[in-house]
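Biologist: I am new to this structure. Could you walk me through it, one question at a time?

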Amino acid sequence: MADDSYAREEEGFEEEELDETSFRSVKDAVLFAIDVSSSMLKPRPSADPKKPGEESPASAALKCAYHLMQQRIISNPHDMIGVLLYGTQSSKFYDEDGESADLSYPHCYLFTDLDIPSAQQVKELRSLAEDEAVARDILKPSDERVSMANVLFCANQIFTSKAPNFLSRRLFIVSDDDNPHGDNKSLRSAATVRARDLYDLGVTIELFPISRPDHEFDTSKFYDDIIYKTSPSDGEAPAYLQPDTNTSTAQGDGISLLNSLLSSINSRSVPRRSLFSNVPLELGPNFKISVNGYLLLKRQEPARSCYVWLGGETPQIAKGVTTQMADDTAQAVEKSEIRKAYKFGGEQISFTTEEQQALRNFGDPVIRIIGFKPLSALPIWANVKHPSFIYPSEEDYIGSTRVFSALHQKLLKDEKMALVWFIPRKNSTPTLSAMIAGGEKIDENGVQKVPPGMWIIPLPYADDVRQNPESTMNVAPEPLIDTMRAVIQQLQLPKAVYDPTKYPNPSLQWHYRILQALALDEDHPGTPDDKTKPRYRQIDKRAGDYVLAWSEELDAQSAKMFGGTAATKSTLVKRGPKENPENADNARDPPAKRMKVEGGASDLDDEVKRNFEKGTVSKLTMPILKEFLTSHGRSPVGKKADLVDRVEQYFEQKS
Amino acid sequence: MADKEATVYIVDVARSMGSTAMAAPSRTSNGQCSRKTATVGVVALRSDDTSNELQEDSNFSNISVLANLGQVLMPDIRRFRDLIKPSQTNRGDAISSIVVAIQMISKYCKKLKYKREIVLVTNGNGLMPTDGIDEIKSKLQDDGIKLTILGADFDDADYGVKEEDKDPRKAENELVLRDLAEGSPNGAYGTLEQAVAELEIPRIKVTKSMPSYKGFLQLGDASKYETAFRIPVERYFRTYVAKPPSASSFVLRSGAAPGQEEGDLAQSQVPGEGNTLTSVRTSRTYQITDESALGGKVDVERDDLAKGYEYGRTAVHISQEDENVTTLETFAGLELIGFIINDQTLEANLPVQYSRYLHMSNTNFIIPQKANDKAALALSSFIRALHELDYYAVARLVTKETRPPMIVLLAPCIEKEDDEVYESLIEVQLPFAEDVRSYRFPPLDKVVTVSGKIVTEHRNLPSDSLQEAMSNYVDSMELDLKDDDNNPIDGLPIEESYSPLLHRLESAVRWRAVHPNDPVLEPAERLTRFAHPDEDIVKKSQSYLDALKSAADVKKVPPKTKGRKRQRETEKPLSGLDVDALLNLEPKRARISPENAVPEFKQMLSRAESVETIHDAVKQMAVIIEAQVKHSLGDANYERVVESLGTMREELVDYEEPALYNDLVRQLKEKILNEELGGDRLELWWLVRKSKLGLIDQNVSERSEVSEEEAKEVSLNPIWSVAKNS
């Protein structure tokens, strides 16, 4: 196990997103500041009579915060989130902490302190968003107007003490009041000064404005004075030239308000982190521009299990500390003393750490173009891992963006790719990669789905390519292909493209769904919602007849090609008699032609089923049990009793 | 698993051979050293003495078996190196030595399955009686032994070797040997020069793939619908990253000082380090936070711990019987979800194409179940239909019961080689919703201003002349590659590129095994062939590159001005309001308040009109930082301190006052060393070091008087040695 985790560490090293240039820790803290005023609390009924219900802007905001909290537990388990309500009658801010008692922030209610959320906090936030009784007590607007300067400084103090030295700190303000201080000059200027403090602290303010039914939210009245273009700590990132504040003003009735707020917050749920920064893109000898790299696609895995200590009042995570020691003396050794050795000819051949490093060093980070090819030269199988995304940066070379843009447009237009020698960071292994241009993709609401830029796809080396395995080749004749083509054409996905957002990872979601239920003492969630399961009914309805035609053709062709020697079975699966009574006779008939396509599975199915009904599954032989289980996607491993159990379970689930 | 191998090397050690020619075989055998199933035997031909099974017969004199077939280990290699040197004689019969080698192989391999090979290295002179040669030929054929003959000074036009005034006997011998080699199964006949050259081409290990899924490709739910189909298929790797050899950790055995070791090696000529190294063990202990304990942490026993997961910051414990409760119930299967169109550009008149960058993993073959004609026919119709339509399939794959489902792309692949057709589906994983990160970036072909106006001419956008220059350059750099045999490569040079790390490490290990005291080598040229564009193409496109460069007008940013400028641009809010003016009106901001230190420090500097103000600001910060350290409960305030120091370092570099920062850091370190800031704070210094917040040296700021070495020295010493000893 120790070896295993070590290997993972090594791999992780290549992948981790870190900023070598900064002293800050690569973490993100998001503090929601939700305006609690009578207009924010006023429920807005649904305009759609089919979907009745009402939602107030405040509860929509809380639901979004709850949703984001849940989501970040999965996607960013080490990042912080907090919820600050402002404009409330009551105030709450670190009461138990004597040190900060002298600072008071009237009408600021710190509901969830900024931290990695605990299960308890998730539960509390959910009940605030959903439970009227709790909400009524806390969500009571004050009569007096809250000072925005105070709210901003309160947020400042929360970030300063709870998220010191974080690379990314963001304040999400949700409000329907575009001009909280009217013409009051001193309050306004106090707020702008406090906003400047936040900017200098490296906190980004992101506004989620909500328009009132009778009034469009106007950022120029107040918020343009407190919001800055980019966060200084994210200086490497190109400025998003289209300020978000202008584009997405949530409005409309309660439900659509909630939805637009959700999508707006979702799109900013993750702070942008670079995988590598200012790596030269070398177009030719002595001609470089600089680019930053990002991981836009990365497999999200469930967090690994850990050890929990149960000796105290609440379970606590035990942190593992690894020490390395010499085998002979059992004395702890320093990393620098360790030599790496390779087994060779029965002996250990060793290298010092410096030598080891020298062997891994193939030069400084670079993306070097060694030539161009048509895009069609990139075989569909030539892939080993997810790609990296690059976007120009003006940091090292002024003019990088225009050169990058010219290259991008040329590659897109002529459908070409560049072959590049790619070393993403110091001491990482070089890959020969394909660099392809990706165009910008916009969804129906005008929100960017895929950014424009280049993708670097590492190619396999000759060492990574496997030979074609031996295989039976029977090239299908045209009529058979035609029938299959008809099947395929019936079953296009919407717009004939693959849209990842439609398919949440079912096992990841289930993992956290169960953890949440356990942590919050909820009931077992029952059956999982698995969006990756094919829509069987639709497939039957749309393509059923075509499949039957294909199957007939297949039988005919195979009889012709393989004659009497071939067996007899259709690839169609025999349907059990009870699903379709009028065909029952047919099903019970011994199949007329038998052919080995499924290895006789249908026969086998009948036999196993008969035995199940008689309660004599255990009389079947091991090979039959194994074959039956395998053909139904069940594991065929184990003792006979286990296999029998599994077979019985199979039929019990079916009935 | 690779096949078992039995190879006998016959090395001609005749006086006339000279010593250079003998390096090759030991290098070759060297490569086979690590595998147990690759057995090697070594025979010396025209050696001074005679030792072989047939030595009774005088035809077999001056042939000695140095090693019978077996695994080669390091000591053997060292032994061969000593044994294989020129003898005092030119007597001995090459044909007889082949007989000896055949004998060795048949004795060792019996009738078992082996790859049999004899490699003969000779210069081909000397007496070579040809009687019985036909028997030898048929024996080689019958036993399936491959005979490779490597000739020193043999004629080879490719390598420019053509011996003038060749001894007629040698010419005749060459013919005999060539005939013999070419008569054996897959036999090869070549020159030593050729063999040495081939050694430069990295060898690729051929791995026999095992199926990673055996089941059905299915459409619809077979248990519910009559219209479902299931085709039995198997899945094999198409690509799989070959891992470089893995190393284990060792330390020098106690008592063996580093300096001593090397001396020993040189003297005793025993480079096996087995005696000087001892392996490293890892031990894991577990700690929990306990406020009442010293240092805030206590150790707990492994046995008192249960398995669990983190949900946010809450530990969720999962009892043994519930162990798989978070695992989604799944059953093996490859189920079709639907189909997508590869290239819709023509149909929809929109640039809608499958985005190749969605490939998330290595790729696999999906082929029909072995020896199932009907399945092959069924799958073929599926592959061909996809191919004709230019469609891809999207499917859900579970390789084994309870394994997490994957969404995969299935693409048709029809290869044709010498009339042999190979059909398969290429399978690759696609991303799930959670795998996509929605970072947004501005468009590259237009600029949208704050007010929403679309601009098409901008310093960030290419001019028409830049676009044209780029287009010409890209066209001039079209790859035109040749493989090792000088045949043009169409497509990408995948078969010609070798994993640089893997082969460099392997050859470094081989080199070190024989040359323990030599430094590590640079990577072989062959490995970095694609690190730079080909010289020809560079030359050809040079004029286009020059044109591109001048149209692009790219300027390198001098290191010093990075950063500073950037902040200037963004110091105003969206409205452009002058907040600095407002700040000036705030009277209390002359003193930096500890709770808002970072912003107020920055603002004080930006308003500073004299150096004194900067000095004052730094002084105030020093007091605040020291107080934070002093009052820190354990490491509670350390991150805040690092943030303050980091901010000051950045700002003072920008303001060209590195000395102020350096003084502050020196003082801080001294106070930490003297434990003046509330006890042992070495942990904090370690953090400062890790965050690279030591002295500002001349590389970072021209105005600094601190050299790089001095900066390193201050951040490391003497505190680190103190820390280690305590």
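Modeller: First, a term: two strands pair if DSSP finds at least two bridges between them. Keep in mind that this is a predicted model.

Biologist: What is the bridge partner of A:Y307 in β12(B)?

Modeller: Look across from chain A to β12(B). There, A:Y307 is bridged to B:K307.

Biologist: Which helix gives the largest share of the side of chain A that touches chain B?

Modeller: Start with the whole contact: 220 residues of chain A meet 224 residues of chain B. On the chain A side, twelve residues come from one helix, residues 536–562. That largest share belongs to α14 of chain A.

Biologist: How many residues on that side of chain A are nonpolar?

Modeller: The side also holds 41 charged and 64 polar residues. The nonpolar count is 115.

Biologist: Is helix α9 of chain B largely enclosed or largely open?

Modeller: α9 of chain B spans residues 373–389 and reaches 24 Å from first C-alpha to last, close to the 24 Å expected. Of its 17 residues, 14 are buried, so α9(B) is largely enclosed by the rest of the structure.

Biologist: What distance separates the centres of domain 2 and domain 3 of chain A?

Modeller: Domain 2 of chain A has two segments, 276–299 and 361–464. Domain 3 of chain A is 307–360. Taken over C-alpha atoms, their centres are separated by 36 Å.

Notes:
Residues are numbered from 1 along each chain as its sequence is written. Chains are lettered from A and ligands numbered from 1 in the order in which they are written. This is a predicted model: local features need pLDDT of at least 70, side-chain atom pairs count only at pLDDT 80 or more; totals for chains, interfaces and linings use all residues. Helices (H or I, at least four residues) and strands (E, at least two) are DSSP runs, numbered from the N terminus. The expected span of a helix is 1.5 Å times one less than its number of residues. A residue is buried if 20 or more other C-beta atoms lie within 10 Å of its own, exposed if 12 or fewer, and partly exposed in between; C-beta atoms are placed from the backbone. Two residues are in contact if their C-beta atoms, placed from the backbone, lie within 7 Å. Ala, Val, Leu, Ile, Met, Phe, Trp, Tyr, Cys and Pro count as nonpolar, Asp, Glu, Lys and Arg as charged, and the others, Gly among them, as polar. Domain bounds come from an automatic or database domain assignment.
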